[in-house]
Amino acid sequence: MRPDDPSLLRDTEARVLAWCEQAGLFAHGQRVAAAVSGGADSMALLRILLALAGRLEVEVSACHVNHKLRGAAADADEAFVRGECARLGVPLQVCRAGEDGLPLAGGGEAGARALRYACFARVHAGGIDRIATAHTVTDQAETLLFRLARGTGLHGAGGIRPARDFYVRPLLCLTRAEVEAYCRAAGQGWVTDGTNLSDAYARNRLRHDALPALRQANAGAERNLARFCEKAARAGAYFDRAAAALLEQAAAQAEQTARQRAAEADALAAEAEKQEQAAAEAAALRASLRVCLFAIVCSFQDSFLVVFREPLGVI
């Protein structure tokens, strides 16, 4: 393969364009910042986005995070990215750990990741619509294996999603080998992070041992794992929709039951009120009858006394 191989460049860019359109990653006129570490993946991302900017109708810039965890090597990576962006005419924002209010990248991988996302959030708040990261099919396969090893469910098995909030992953259709081939064909250099070569990190052990073993079993292992992630994500989305529909149905039934019970309670209250009124009327009638009877008795008693109090006639 020679540098500036037009057919490979065109084929790779066409695949990424089709993926971006299928996943709906960009909209007309958006400002997109490629997260560029200087590695092969991120340099391929930057070059492909620049090549597709007109067809995607987006404005491309770059951002770089210096974690300051590798001393002079981290500064050299930053200098490389600055030089390449200047050569390509790409606007660049650089975020450095512990500067301009940013946190330090303490706590190993988790701390470095937290710093990156704090930087990306700042770039987004500064007017960038989308942050494009260079995750590949290979990263998808590694993520799935890592999550399965730790223990995960259906949502975790969905792996890295093409888009989340303002983050997009335009290279999720390419393997790491394919992005390196693209860089070589484009004559694009890159830097290698020495920590990626160390087996001190669990992900690196998967990368160096598990994935090569799977490739020996099946050359398409990475893509098959990535396809499984898509199937798991679709299944998870289906179950989420089904669960939401069931919850909505249950809520509607509960509301209907509550209305029925309220209506029944109102009817019972009305019946009780009616019975109470009838009882009151009956009581009033009985009281009236007693008064009338008492008046009649009194009148009869008075007449009886008058009759028997008169003197008897002389015979």
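Close-up 1: H64 sits opposite V94 of strand β3. Strand β3 covers residues 92-96 and pairs with β2 in the parallel sense, over 5 bridges; strands count as paired if DSSP finds at least two bridges between them. Helices (H or I, at least four residues) and strands (E, at least two) are DSSP runs, numbered from the N terminus. This is a predicted model, where local features need pLDDT of at least 70 and side-chain atom pairs count only at pLDDT 80 or more, while totals for chains, interfaces and linings use all residues. Residues are numbered from 1 along each chain as its sequence is written, and side-chain values use heavy atoms, with hydrogens and water left out.

**Close-up 2: Strand β2 and its other partner.** Of the 8 residues in β2 (residues 59-66), 7 are buried, meaning under 20% relative accessible area with a 1.4 Å probe, protein chains only. Strand β1 (residues 31-35) also pairs with β2 in the parallel sense, again over 5 bridges. Look for R31: its bridge partner in β2 is E59.

Close-up 3: Helix α3 (residues 72-88) forms another right-handed β-α-β unit with β2 and β3. Right-handed here means that, with the strands pointing away from the viewer, the path from the first strand over the helix to the second runs clockwise.

**Close-up 4: Where α1 meets α7.** In α1, L8, L9, T12, E13 and R15 meet E178, A181, Y182, A185 and A186 of α7, with contact meaning heavy atoms within 4.5 Å.

Key:
Buried < 20%, exposed > 50% of the residue type's maximum accessible area, 1.4 Å probe, protein only.
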